[in-house]
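Please have the sequence and the model at hand while reading.

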Amino acid sequence: MATQDTISASAINGSALSLRNRRIAKHIGIFLALIILWEIGSRIGWLDPLFYPRPSNILRSFWLIYVANANVWFHLYATMSLVLLGWILGSVLGIGLGALVGFNAVLRRFLKPYVIVLEATPRIAVAPLLIAALGFGVSSKLAIIMLVCFFAPFINTLSGVMNVDEDRLELFRSMRASKSQILRKLVLPDAIPVIMAGERLALTAALSGALVAEFIQRDKGIGSLILVYTRNLNMSSAFACIFTLTILGFLIFKGMEKLDHYIAYWKHEDGRERMSLKRRRKIGGHSDV
Amino acid sequence: MSDRPLPLSFRAIDLGIRILPHLIIFAILIGIWEVAMAMGLITSIMIPRPSAIGGSIVELYITEGTIYRHFFITLTEAVLGFLIGASIAVSLAVCSSLSDPFRRYVTPYAIVLNVTPGIALTPVIIAWFGYGMGSKIALAAIISFFPIFVNTLTGLVQVDEDREELFKSLGAGNTQIFRKLRVPAALPLMFAGFKIGLTTALIGAVVAEFAQATDGVGVLMSRFSFQLNMAASLATLLSMTLIGLLLFYSMEFLDDRIVFWRREGRRAAASRARSKAWAAQARK
Amino acid sequence: MGEQVQSMTAVGDVVVSGLNVGKTFAAGTVVALEDANFDIKRGSFVSLVGPSGCGKSTLLRLISGLIEPTSGKISVHGTPVEGPRPDISMMFQKATLLDWRTSLENVLLPTEINGTPSKADKNRALDLLKLVGLEDFAFSFPAQLSGGMQQRVALARLLQTGADILLLDEPFGALDEFTREHLNTELMRIVSEVGATTIFVTHNISEAIFLADQVVVMTSRPGRMAKIIDVELERPRPLSIQTSVEFNKLVLDVRETLGEM
């Protein structure tokens, strides 16, 4: 009896696993089939290479920009160095001002209409203005990136700081906590998850801001590359660059997710487990303390 | 009786009183800026004087009235782009919520679309759709697609087990559950997605205008900037703000009316309307 | 545990007293509490029971120092209450644990706020968690604990400072009956071990009588202390005492007091 049960159990498990694998295989199969049809259509001449660059050409472009000419690395660095710098600076500014305004009711009331106006304006639209004012070059690019990624951290920090749970505040008051203690031990940790959410939005905005700046300045960076390739109707290389941004975007997505699980650990099951273990080891039992 | 809204005149006066301090402070700030520049404290040519900005506004909106055509064009680009993007997004989301295999096939492509910065497609879109409004609408549609798709899908797929159980116990079929439970329950999230989508559609339209265009506030602003006419550039930026506000509050209005059950004032109004309709029907 | 609590008053002395205490809100339009007079002896367990709006939670908050009376005076250990103080510790209806801290860290919170926790403090916190039966969950986060477990952590936190006056505002109201009864028994045990003076607010008549030496019945509109009933049942009290004749006489007494108003 026992052996029969174990056999059937493993058969079920086995088939569950292969169901998932079969699905993934189906997806990949359909995808490859589409690619192959696309390739064939392109070679026959049914598909306009402007709109449908040949897959084999796209692959060749990947090879060219990553290996043979290896020009993509320079431009990736040019873009990302500014994106990261601008993101950090813009976030610091956003979080700092958000906290300042969050704690000051008078300032909040005074600034409210300006925040509404700022929110309605597409901030990226200020790019030409900044480039004209600050000139072509790094400073205007950085200014655009900072402007674009300032807003989400600002609003999120503002909200996080203002929406502290009333019951928790009462608890702290009943323990005679000072204002500084309430800030450090309650408001700040409580706001962290919201701030992290804002940071993710800020980073994606920063990347978009950098691209727009590069479209206008056309000097270096992935955006400029895409522009130049498209102008020369080299669509396969343009697409190779766009897919590079897809990979980059995916890495950013996963990276921010990891960061969130690390910093706002208590909101995620795996973060909680990890921290539990870490704190247990640190403090241990009675004798260690 | 007590939950009827106050007469319009009362509300207007109340609004006026609340706005007044802000107007005064704004006037003071503008005044300080103007005086500082008049006295020569701020000399950078890159910072325009408020009076110059004011002059530009008058020129653009009144004397020469150049802004209106561009305003309307950008507004149209954003709205049409949004409508196209939203239609496709909602259709795909509805299909995905109804069919698991469909959702599984669509999801990887949606993820790819999400992580790729839509703005990166601008040169390609322009190469494909040309220099006219088409490329602006296309970019706006593409960029606004994902937030609407993901919000609608999440809204439709979320399950309130208690409510589902209620419907099933009443003998409701799948279509009825979809129409009478899932769709209304999804509306709040859908509208949240619409608001984001509308905002991003405007961004798409404007960015596409920067790249290459003849008409639109984006082009106007870009042109003024590179002519170093900062005053006119800022005046044009203000009109972009106006478009943004117009779009946002329109969507807020729709949200408030369609998802009426979230605000007390709207709930009361809807109650009154329905009781009137009931009474009228009973008399027949 | 079982260490004697430091106190300037001797056993049997009055530690909490109130004279003509009243509290109104909204510029006098809402009378939450009126004309409350009480003397609470050291080591006793007092329940405040009554329907919503009778002022029991308000009275508790007045004693804790979180709010000020509009009239009358409250003293604790002979000194007037002017705000939250170290000799009073309070527990609320919601566990209100900080979800980025482990159970141990949550219990240590009051000590942290009053300085750096010493090794002795940390050991005490672990002992308290053992007392409430949660030593295996000392390093778990609130999200990993059930409602009853969270309240137990809050209970341990209540005892961490060693304050001899404990105020509890319907702490077990949100829990199911079985957990509630279990925690009530635990609470009585802990409180008598530690020798604390306890004031317990509840809307549950059985719970109020089961736990207390004295039950203060409060009525609403306006909130006032209607009657103080002495509970002379034996201690320690088994749960079965709730079926005894004496117990039910007391329940009747409370209900009649409430019904009169």
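The model is predicted: local features need pLDDT of at least 70, side-chain atom pairs count only at pLDDT 80 or more, and totals for chains, interfaces and linings use all residues. Residues are numbered from 1 along each chain as its sequence is written, while chains are lettered from A and ligands numbered from 1 in the order in which they are written.

**A buried strand.** Helices (H or I, at least four residues) and strands (E, at least two) are DSSP runs, numbered from the N terminus. A residue counts as buried if 20 or more other C-beta atoms lie within 10 Å of its own, exposed if 12 or fewer, and partly exposed in between, with C-beta atoms placed from the backbone. In strand E3 (residues 45-49) of chain C, five of the five residues are buried, so the strand is largely enclosed by the rest of the structure. In a regular strand the side chains alternate between the two faces of the sheet. On one side of E3(C) lie Phe45(C), Ser47(C) and Val49(C), on the other Val46(C) and Leu48(C), and all are buried.

Two strands pair if DSSP finds at least two bridges between them.

| Partner strand | Sense | Bridges | Opposite residues |
|---|---|---|---|
| E8(C), residues 197-202 | parallel | five | Leu48(C) and Val201(C) |
| E9(C), residues 214-219 | parallel | four | Val49(C) and Val217(C) |

**A covered helix.** Helix H1 (residues 56-64) of chain C is mostly covered, with nine of its nine residues buried. Among them are Lys56(C), Arg61(C) and Ile63(C). Gly65(C), with a positive phi near 90 degrees, follows H1(C).

**Two domains.** Chain C is assigned domain 1 (14-87 + 164-260) and domain 2 (99-162), the bounds coming from an automatic or database domain assignment. Their C-alpha centres lie 25 Å apart. The contact (C-beta atoms, placed from the backbone, within 7 Å) takes 11 residues from domain 1 of chain C and nine residues from domain 2 of chain C. On the domain 1 side, helix H5 (residues 177-194) of chain C gives the most, with five residues.

**Nonpolar cores.** A nonpolar core is a set of buried Ala, Val, Leu, Ile, Met, Phe, Trp, Tyr and Cys residues joined through C-beta atoms within 7 Å. The largest has 122 residues, of which Ala127(A), Ile145(A), Cys149(A), Ala206(A) and Val212(A) touch the most other members. Helix H8 (residues 179-217) of chain A supplies the largest share of this core, 16 residues. A second, separate core of 77 residues includes Val16(C), Val46(C), Leu97(C) and Phe139(C).

Key
Two residues are in contact if their C-beta atoms, placed from the backbone, lie within 7 Å.
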